[in-house]
Amino acid sequence: MTNLQSDVVRRCVLLSLVAFVGVSGCAKAPEVAPPSPPEVTVTTPIQKDVTVFQEFVGSTEAFKSVHIRARVQGFLDKMSFEPSSFVKKNQLLFVIEQEPYEAQRDRAAAGLKAAEAGLRRAESDLDRLEQAVATNAVSQQEVTRARAERDQASAAMLQAQAALTNAQIQLDYTTVESPIEGLVSRNYVDLGNLVGSGEATLLTTVRQIDPIYAYFEVSERFVAQALEQRGGHRDPGDGDYMRATLLLEETGLEIEGRIDSLENTVDTGTGTIRVRGVFPNDDAKIFPGFFVRVRLPGELYEAALLVEETALGTDLGGRYLMNVGDGDVVERRYLEPGQLQDDNTRLILSGLEPGERYLTRGLQRARPGMPVTPKTAGSGSLAS
């Protein structure tokens, strides 16, 4: 291509561009509509009476606990239970060798028979002398002596009766029974060992665990509030017990029970008072010595406000809600939260008024100070 031809081509392209720009500049730019406020879901707080519950850490103890000990000396002959099994009241647990005590019982029984025979003879002699003294066949002195011998024989018989009773008691002690119904431990002494020599040897323990106790400490402030709400302390005999819930974190177990006693003084060193709760345990899921939590009803809030827990946010300023105020403008509202409820709503102690709207969905599309299009739950389909 010659220089002349190239110059012609460049001029033609330039003229085409100028013409295109001119045409474009004459066209009117389209108008863009402003975006509408984002749609969000709002609701108002629930208003109802709410009881705030408090939880305390404690430990469980047996309803009854008995240490089974040997009360007589002898070799352990027999064991009549399975370790860690439930036993009945008066169930036989152990037998200590009985032969020595049976011999003592028999000897005491023979002594009683001899004493009874001696008493009968003394009474017969006294009767005979009392008849003879009436005819002056014997002196009054002999009658007096016979009466004394009769009294001595009577005393000897009473002594023989006491000896027999004691011998029978000692024999009865050789059979060791459970005084209560409950869970028995293992045997602490093996068969064939000497027990009761110099001390009451511990053989096993039996603990009644149904029901079961839980002991824990509560603050004097909590006790004062509870007494105020209940109109003062009431005699447990009235049947007006405070309800309580025992919680076992390891399994999530919850058992409903009641408070059955509290100490009659506050520990001035700790500012707490010891409380005892009693709880059913018929399935034996709680053992003595477990660390548990006990939930008690505390302060009552009348006409309290509750909001959905998922609607609450948290920043350096604390807990807050995204409220929708006048003109459907979003406002960050800081408030004082209370206890979380079982239905996943949160008690609000201050910072919110009845009927105020707050965001439950669409939170990521709302910012403080910006307008929104509020929808109530169920009024339409909104993307979360």
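Q: Hi! Which strand does Thr 360 lie in?
A: Thr 360 is in strand β19, residues 357-361. Strands here are DSSP runs of E with at least two residues, helices are H or I runs of at least four, and both are numbered from the N terminus.

Q: Before I go on, what sort of model is this?
A: This is a predicted model, where local features need pLDDT of at least 70 and side-chain atom pairs count only at pLDDT 80 or more, while totals for chains, interfaces and linings use all residues. Residues are numbered from 1 along each chain as its sequence is written, and side-chain values use heavy atoms, with hydrogens and water left out.

Q: Thanks! Back to Thr 360: buried or exposed?
A: Thr 360 is buried, at a relative accessible area of 14%. Buried means under 20% relative accessible area, exposed means over 50%, and partly exposed is in between, with a 1.4 Å probe and protein chains only.

Q: And what is Thr 360 in contact with?
A: Leaving aside neighbours within four places in sequence, Thr 360 is in contact with Thr 41, Val 42, Thr 43, Glu 308 and Ala 311. Contact means heavy atoms within 4.5 Å.

Q: Let's zoom out. How many helices and strands are there?
A: The protein has 4 helices and 20 strands. Of its 384 residues, 33% are buried. Among contacts with a separation of 6 or more, 73% come from residues 24 or more positions apart.

Q: Now pockets. What lines the largest pocket?
A: Its lining consists of Phe 53, Gln 54, Glu 55, Arg 243, Thr 245, Glu 256, Arg 295, Gln 339, Leu 340, Gln 341 and Asp 342. Two or more of the lining residues come from each of β2 (46-69), β10 (243-248) and β17 (336-340), and β2 gives the most, with 3 residues. On a 1 Å grid over the protein atoms alone, a pocket is an open set of points where a 1.4 Å probe fits, with protein on both sides within 12 Å along at least five of seven lines, and lining residues have an atom within 4 Å of a point.

Q: What is the volume of the largest pocket?
A: About 240 Å³. That volume is the space filled by probe spheres set on the points, which are joined across faces, edges and corners.

Q: You listed Gln 341. Where does Gln 341 lie?
A: Gln 341 lies in the loop between β17 and β18 (345-350). Gln 341 counts as buried because its relative accessibility is 17%. Not counting residues up to four places away in sequence, Gln 341 touches Val 50, Leu 306 and Leu 347.

Q: What about the largest nonpolar core, which residues have the most contacts inside it?
A: Those are Phe 216, Val 218, Phe 279, Val 294 and Leu 296, in a core of 22 residues. β9 (202-219) is one of the elements that give two or more residues to this core, and β9 gives the most, with 4. A nonpolar core is a set of buried Ala, Val, Leu, Ile, Met, Phe, Trp, Tyr and Cys residues joined through side-chain atoms within 4.5 Å.

Q: Which residues are included in the second core?
A: The second, separate core has 19 residues, including Leu 76, Phe 94, Ile 180 and Val 195. Phe 94 also has a bridge partner in β6, namely Val 176.

Notes: Two strands pair if DSSP finds at least two bridges between them.
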